[in-house]
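Subject: Structure handover

Hello,

Here is the structure I promised to pass on. Please open it alongside this email and follow the residues as you read.

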Amino acid sequence: MVLARPTARQLAMAVGGSVPDLIRPGLLVLFCGINPSLYSAAVGHHFARPGNRFWPALFLGGFTNRVLTPYQEDELLEAGCGIVNFVNRATSSAAHLRTQEIIEGGRELCAKVHRFRPRVVAILGVDAYRKAFHVPRARVGKQLTTIEGTTVWVVPNPSGINAHYQLPELGRLFGNVREDALATRIYSGPKQVKPRVQA
């Protein structure tokens, strides 16, 4: 189902809005975005803004057998994937978020990972990961630290304005996340290493 594009008035009314988490226990990969765009909040679906490359990157990475639309996001759960955000407050740009909001979002992500136990957490944006877990030298790729014992990958923000990474490279990185998730056992031991969360 494809809905009409939101009007300027609807986008303005979406400021501060939210998008429900797409999550359930035992996921293969839990993707964590920064925060919803006004477009996503207006239509109520993740990564809905035209030009966002999340959905085609999922397909290129082997998670789906076709390019899903944001309005088909429930099918992603069937593929073993979910979506949450560090901050569930829609803004016209992630630059409008306060650092403290992202840090608090990191704590909330830890709680969700502890509760739902995905095999892998994939953070969509290295800057957000650095702020949320106070790891200023973190780079794109698999991280040495974990969240609640769960493997962490950092992949580039799929927003169309992120010109540093083109779609083929995003697809390759998403594919690396999928391959690692398939090879990862569900965490079951008492010993764990967590990223240091800034107080």
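This is a predicted model: local features need pLDDT of at least 70, side-chain atom pairs count only at pLDDT 80 or more; totals for chains, interfaces and linings use all residues.

**The largest pocket**

The largest pocket holds about 1,000 Å³ of space. Its lining is made up of 39 residues, and Ile34, Ala94, Asn157, Ser159 and Ile161 are the closest to the centre. Two elements give two or more residues each to this lining: helix H2 (38–43) and helix H6 (126–133). H6 supplies the largest share, with four residues. Sorted by class, the lining has 19 nonpolar residues, 17 polar ones and three charged ones.

**Aromatic pairs**

There are eight aromatic pairs in the structure. Take Phe31 and Phe54. Their ring centres are 5.3 Å apart and their planes stand at 90°, so this pair is edge-to-face. Phe31 sits in strand S1 (residues 29–33), while Phe54 sits in helix H3 (residues 54–60). The pair therefore ties together parts that are 23 residues apart in sequence. Both Phe31 and Phe54 are buried.

Phe54 also pairs with Trp55. That pair is edge-to-face too, with 5.0 Å from centre to centre and 85° between the planes. Trp55 is buried, like Phe54.

Phe31, Phe47, Phe54, Trp55, Phe63 and Phe174 make up one aromatic cluster.

**The nonpolar core**

In soluble globular proteins, nonpolar side chains tend to be buried together. Here the largest nonpolar core has 50 residues. Which of them touch the most other members? They are Val29, Phe31, Phe54, Phe86, Leu109, Ile123 and Phe174.

Phe86 is worth a look. Setting aside neighbours within four places in sequence, Phe86 is in contact with Cys32, Gly33 and Ile34, among others. The list also includes Ile102, Gly105, Gly106, Leu109 and Ile123. Ala128, Tyr129, Ala132 and Phe133 are on it as well.

Most residues other than glycine have a negative phi. Two residues here are worth checking against that.

Phe47 is not a glycine, yet it has a positive phi of about 50°. It lies in the loop between H2 and H3. Is Phe47 buried or exposed? Its relative accessibility is 15%, so Phe47 counts as buried.

Arg117 also has a positive phi, near 50°. Its place is the loop between helix H5 (99–116) and strand S3 (120–124). Arg117 has a relative accessible area of 22%, so it is partly exposed.

**Other single residues**

Val43 lies in helix H2. With a relative accessible area of 13%, Val43 is buried. Not counting residues up to four places away in sequence, Val43 touches Pro6, Ala48 and Tyr71. Val43 and Phe63 are 20 residues apart along the chain, and their C-alpha atoms are separated by 24 Å.

Pro50 lies in the loop between H2 and H3. Its relative accessibility is 44%, so Pro50 counts as partly exposed. Pro50 touches Arg5 and Tyr39, again not counting residues up to four places away in sequence. How many residues along the chain separate Pro50 and Lys112? The answer is 62, with 28 Å between their C-alpha atoms.

Lys131 is in helix H6. At 40% relative accessibility, Lys131 counts as partly exposed. Leaving aside neighbours within four places in sequence, Lys131 is in contact with Thr99, Ile102 and Ile103. Lys131 and Pro36 are 95 residues apart in sequence, and 17 Å apart in space from C-alpha to C-alpha.

Asn176 is found in helix H7 (residues 167–183). Its relative accessible area is 24%, so Asn176 is partly exposed. Asn176 and Asp21 are 155 residues apart along the chain, with their C-alpha atoms separated by 24 Å.

Best wishes

Methods
Residues are numbered from 1 along each chain as its sequence is written. Side-chain values use heavy atoms; hydrogens and water are left out. On a 1 Å grid over the protein atoms alone, a cavity is a set of points where a 1.4 Å probe fits but cannot get out, and a pocket is an open set with protein on both sides within 12 Å along at least five of seven lines; lining residues have an atom within 4 Å of a point. Grid points are joined across faces, edges and corners, and a volume is the space filled by probe spheres set on the points. Ala, Val, Leu, Ile, Met, Phe, Trp, Tyr, Cys and Pro count as nonpolar, Asp, Glu, Lys and Arg as charged, and the others, Gly among them, as polar. Rings of Phe, Tyr and Trp (its six-membered ring) pair if their centres lie within 6.5 Å; planes under 30 degrees apart count as stacked, over 60 as edge-to-face and the rest as tilted. Buried means under 20% relative accessible area, exposed over 50%, partly exposed in between (1.4 Å probe, protein chains only). A nonpolar core is a set of buried Ala, Val, Leu, Ile, Met, Phe, Trp, Tyr and Cys residues joined through side-chain atoms within 4.5 Å. Contact means heavy atoms within 4.5 Å.
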